[in-house]
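Subject: Structure handed over, with notes

Dear colleague,

Please find below the structure that I promised to pass on to you. My notes on it come after it, and I would be glad if you read them with the structure open.

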Amino acid sequence: EGGVDKVAETFKKLNLDALIAMGGEDTLGVASKLWTERQLPVVGVPKTMDNDLSATDYTFGFDTAATIAVDAAERLRDTVLSHRRVMLLEVMGRHAGWVALFTGLAAGADYVCLPERPVDVKDMAAKVKAAYAARKTALVVASEAVDIPGDEAKKKELDEFGHEVLKDRGVAERLTAVLQKETGLEVRSAVIGHIQRGGAPTLFDRILGTRVGVKAAELALEGKFGNMVALKGNEVVPVSLKEATAKLKTVDAEWMAFLDRLTAVQGKTPVAA
């Protein structure tokens with residue numbers, strides 16, 4: 001309460017020339033308000049593993065998180081090949097399923113559960129059974145915030161930004177139980193959680209972070225406040241913070257159709273791992 005006033009006081013007290021705010025929709029949403037409501041000198045930098053900012057092609061943090069998740073999926077595939085099991089991997093992703101999507105595509109998952117659409121239990125079970133019949137193994141990748149049938153009636157705890165608190169949802173455990181019931185197969189799950197959020201960045205994220213950092217400093221020096229630095233194609237350009245936070249970038253129908261075409265090849269790995 002009163003956070004904006006306190007931030008404004010700190011700006012004045014410290015005599016700040018500029019603030020470069022690095023984060024996702026919540027952080028940059030606040031930065032946008034600081035500019036539009038108080039005209040405080042703010043520049044935004046898109047840093048979020050969710051890749052859910054619509055004004056930029058990619059955010060730094062996403063490639064690293066997805067790469068770590070793919071590595072985990074590959075290691076799990078070694079285990080399921082040895083023990084002839086079905087494995088379910090839960091990855092991060094609240095409103096946007098980009099990490100789950102890219103992990104599933106790159107690791108050749110037999111099914112991917114995204115927060116953008118409710119889990120189709122019958123479809124998931126059918127594809128897992130088909131994959132298992134062909135290879136005696138199957139891999140499912142699921143976002144931590146997917147909607148599972150029966151969730152609607154449950155009361156959801158919210159954080160200070162109004163988002164559902166996900167730590168107690170137990171998506172991997174619950175989907176594992178559903179899969180075992182529907183398929184009759186032995187299913188195990190793994191949750192890599194916050195491991196995705198740390199460690200050495202990928203080459204892509206190192207270069208992207210450097211490029212947007214330099215551009216943000218240039219915008220601050222030029223007095224071009226109220227903007228976020230975005231990657232558009234191969235260019236790093238300023239876009240307004242208002243545009244950057246206007247809506248979430250979620251997995252769209254085209255990506256979903258592409259994913260469905262691959263996983264529709266039942267009993268076959270959709271992407272060579």
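Predicted model: local features only at pLDDT ≥ 70, side-chain atom pairs only at ≥ 80, totals over all residues.

Residues are numbered from 1 along each chain as its sequence is written, and side-chain values use heavy atoms, with hydrogens and water left out.

The whole chain

The secondary structure comes to nine helices and eight strands, where helices (H or I, at least four residues) and strands (E, at least two) are DSSP runs numbered from the N terminus. Of the 273 residues in the chain, 46% count as buried; here buried means under 20% relative accessible area, exposed means over 50%, and partly exposed is in between, with a 1.4 Å probe and protein chains only. Among contacts in the chain with a separation of 6 or more, 71% are between residues 24 or more positions apart, a contact being heavy atoms within 4.5 Å.

Helix 7 (residues 203–222) has 20 residues, and from its first C-alpha to its last it reaches 29 Å, close to the 28 Å expected at 1.5 Å a residue; the expected span is 1.5 Å times one less than the number of residues. Its buried residues are D205, L208, V212, A216, L219 and A220. Seen down the axis of helix 7, these fall within an arc of 100°, so they line one face of the helix, the arc being that of the directions from the helix axis to the C-beta atoms. On the other side of helix 7, L203 and L221 are exposed. The buried residues of helix 7 pack against strand 1 (19–23), strand 2 (42–46), helix 3 (62–83), strand 7 (227–232) and strand 8 (235–240). After helix 7 comes G223, whose phi is positive, near 75°.

For helix 2 (residues 25–38), the 14 residues should span 20 Å at 1.5 Å a residue, and the end C-alpha atoms are 19 Å apart, which agrees. The buried residues of helix 2 are L28, G29, A31, S32 and L34, and they pack against helix 1 (3–14), strand 1, strand 2, strand 7 and helix 8 (241–244). Just after helix 2, Q39 takes a positive phi of about 55°.

The nonpolar cores

A nonpolar core is a set of buried Ala, Val, Leu, Ile, Met, Phe, Trp, Tyr and Cys residues joined through side-chain atoms within 4.5 Å. The largest such core has 30 residues, of which L89, V91, L101 and L114 touch the most other members. The elements giving two or more residues to this core are helix 3, strand 3 (86–91), helix 4, strand 5 (138–143) and helix 9 (253–263), and helix 3 gives the most, with eight residues. Leaving aside residues up to four places away in sequence, V91 touches A69, V99, A100, V141, A142, S143, E144, I192 and Q196. Apart from this core lies another, of 21 residues, among them L88, C113, Y132 and V187.

V70 is found in helix 3 and is buried, with a relative accessible area of 18%. With residues up to four places away in sequence not counted, V70 touches F102, T103 and A106.

The aromatic rings

Rings of Phe, Tyr and Trp (its six-membered ring) pair if their centres lie within 6.5 Å, and planes under 30 degrees apart count as stacked, over 60 as edge-to-face and the rest as tilted. By this rule the count comes to seven aromatic pairs. Y58 and F62 form a stacked pair, 6.1 Å centre to centre with 20° between the planes; Y58 is partly exposed, with a relative accessible area of 31%, whereas F62 counts as buried at 2% relative accessibility. The rings of W98 and F102 have their centres 6.3 Å apart and their planes at 75°, so this pair is edge-to-face. W98 and F102 are four residues apart in helix 4 (residues 98–107), and are thus separated by about one helical turn. Ring pairs link Y58, F62, W98, F102, F204, W255 and F258 into a cluster.

With best regards
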